[in-house]
Structures are given as structure tokens and as C-alpha cells.
Amino acid sequence: MPDRSRDMGPASFEIHIGAAGAMTVRAAALDDVDGIFALEEQVFGCDRLSRRAIRRFVAAPHRPVMVARRADGVAGYALLSLRKGGRTCRIYSLAVDPRYSRRGVGRELVHACERYARAWGCEALRLETRYDNAPAIALYRGLGYQEFDRFCQYYSDGAEALRLEKKLTKPRSAVRRPSKAVSDSEP
Ligand SMILES: CC(C)(COP(=O)(O)OP(=O)(O)OC[C@H]1O[C@@H](n2cnc3c(N)ncnc32)[C@H](O)[C@@H]1OP(=O)(O)O)[C@@H](O)C(=O)NCCC(=O)NCCS
């Protein structure tokens, strides 16, 4: 298995968010796992990721978890899913600590996801969101995501999901396709 960790390591995606105070967006490290798990528990009522699953994703060589980190802990995270040989990348999960909402953290995490997807040579980034999740829909639409499909009965309570997509421009530098090693990010 090729070692991609140097390509996709934390330094590759560091971004500082001024409006939200001293905060960095980067690929997550193992010491972020507890904070991500606590946020998952706080934000999502059901279908939550376990600590074990988060740890596995964070430790994966292709580093599919982005974290917005303050000195005192995790303020937000995003989990990406790459499919073997696929041309699209998917945002599997995105959450921001309510104490830091409407300060641009979610937007910066999505930007980091887009950088990640471009770096893997993906042509589009996709995601699903509940039909009634107004904050998430406003966030994604504001960043250029468009509805291309719907999934009926997608959530455990039977709610419908909107499928959103944004076409990505190619990076200037040459890209490498993901190896088979990335297929384990598919939840
Ligand atoms: C959706 C979520 C990630 C947004 O994070 P955030 O850091 O507060 O979002 P940002 O500050 O980056 O907001 C960016 C834009 O999104 C939209 N937005 C965000 N929250 C909004 C809200 N509560 N109501 C309306 N629009 C909202 C706005 O257009 C906003 O731009 P503006 O502040 O300049 O008007 C956050 O509310 C969250 O974690 N929700 C619970 C989990 C969830 O629903 N995840 C998404 C699953 S697909």
C-alpha cells in the first residue's frame, strides 16, 4: 500500500478562520478523536458514528476527516468518502459546535473538503441532506451545490434526502488517482 499520509497530511489543508477566533482547519489527527466523538454525540440525534469508527477514519492513510480545531478543542468536523475508482467524492458527515455557529466554520470545512476532493482528482463533490435541514441547505446552496436527485425514506424516521452536487474545477498541479487503499472510507 503506498504511503499517502505525506500527501494528505494535516499541513496540506491548514486554514485559519479569523472571524471565528484562532482556529485551524486541517486533516484530523488521533488526538482529535475524542472531540469529534463528543461533537457527534452533541449534534446528531441518531445514526451517529461510534468512537471506534471515527478513530478508524482518522487513522486511515488517506486522511478523510477534516477538523476545525481551537486551542481548547474541536469546533467542527467533516468526513469524506472516496469510492474506489470513482470520479466523485462525498461529504458523509459535517457538524459544527453550536457555540461557533454562523462564524464561517462550516463554510471553511466544506472548502477543505473541496480541496481534498480536487487533490484526489475528483470531478464533483456530492452529499445528502435532510429535506428540512434549512441551515445545511443554505450553506451548500451558497457554495454552489445544486440538487440533482432525491432519496425517499433515506433517514431512520422516513425523511427524504436531497442529493446535492458541485462540479469541481481541476487543480493546477497534476493529480494522482486514489489507490485501492482509499476504498475503506466508504461507510
Ligand atoms: C449546517 C452547519 C454545518 C452550518 O455550520 P456553520 O459553521 O454554522 O455555518 P457557516 O457559519 O459557515 O454558515 C455559512 C452559511 O450557511 C448558511 N447558514 C448556516 N447556518 C444557518 C442557519 N442556522 N440558518 C440559515 N442559514 C444558515 C448561511 O448562508 C451562512 O452564511 P452567512 O452566515 O454569511 O449568512 C451547522 O449548523 C451544523 O453542524 N448543523 C447540524 C449538523 C448538520 O445539519 N450537518 C449537515 C448535515 S448534511
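Contact here means C-beta atoms, placed from the backbone, within 7 Å.

**Ground rules.** I am working on a predicted model, where local features need pLDDT of at least 70, side-chain atom pairs count only at pLDDT 80 or more, and totals for chains, interfaces and linings use all residues. Residues are numbered from 1 along each chain as its sequence is written.

**Layout.** I counted 4 helices and 8 strands in the chain. Helices (H or I, at least four residues) and strands (E, at least two) are DSSP runs, numbered from the N terminus. The order of elements is β-β-α-α-β-β-β-α-β-α-β-β. I also checked contacts with a separation of 6 or more: 63% of them link residues 24 or more positions apart.

I traced an open, mixed sheet of 8 strands, ordered 1-2-3-4-5-6-8-7. Strand 1 (15-16) and strand 7 (146-151) are the edges; each has a single partner strand, so one side of each lacks a neighbour in the sheet. Strands pair if DSSP finds at least two bridges between them.

I followed strand 3 both ways. Towards strand 2 it pairs antiparallel over 4 bridges, with R26 opposite V67. Towards strand 4 it pairs antiparallel over 6 bridges, and there V67 has Y77 as its bridge partner. Strands 3 and 4 make a hairpin with 2 residues between them. Strand 5 and strand 6 run parallel, joined by 4 bridges. R90 faces R126 of strand 6.

**Burial.** I call a residue buried if 20 or more other C-beta atoms lie within 10 Å of its own, exposed if 12 or fewer, and partly exposed in between, with C-beta atoms placed from the backbone. Buried residues are 35% of the 187 in the chain. In helix 1 (residues 33-43) I listed V33, G35, I36, F37, L39 and E40 as buried. Their cover includes helix 2 (51-59), strand 3, strand 4 and strand 5.

**Core.** The largest nonpolar core has 44 residues. Such a core is a set of buried Ala, Val, Leu, Ile, Met, Phe, Trp, Tyr and Cys residues joined through C-beta atoms within 7 Å. M66, Y77, A78, L109 and C113 touch the most other members. I picked L109: beyond four places in sequence, it contacts V25, M66, A68, G76, A78 and L94.

**Ligand.** I found 20 residues around the ligand, with S101, G106, R107, P135 and L139 the closest. Near means a C-beta atom, placed from the backbone, within 6 Å. Helix 4 gives the most to this shell, 6 residues.

Is R63 buried or exposed? R63 is in the loop between helix 2 and strand 3, with phi near 50°, positive though not glycine. I find R63 buried, with 25 other C-beta atoms within 10 Å. R102, in the loop between strand 5 and helix 3, has phi near 55°. R102 is exposed, with 12 other C-beta atoms within 10 Å.

Definitions and conventions. Two residues are in contact if their C-beta atoms, placed from the backbone, lie within 7 Å.
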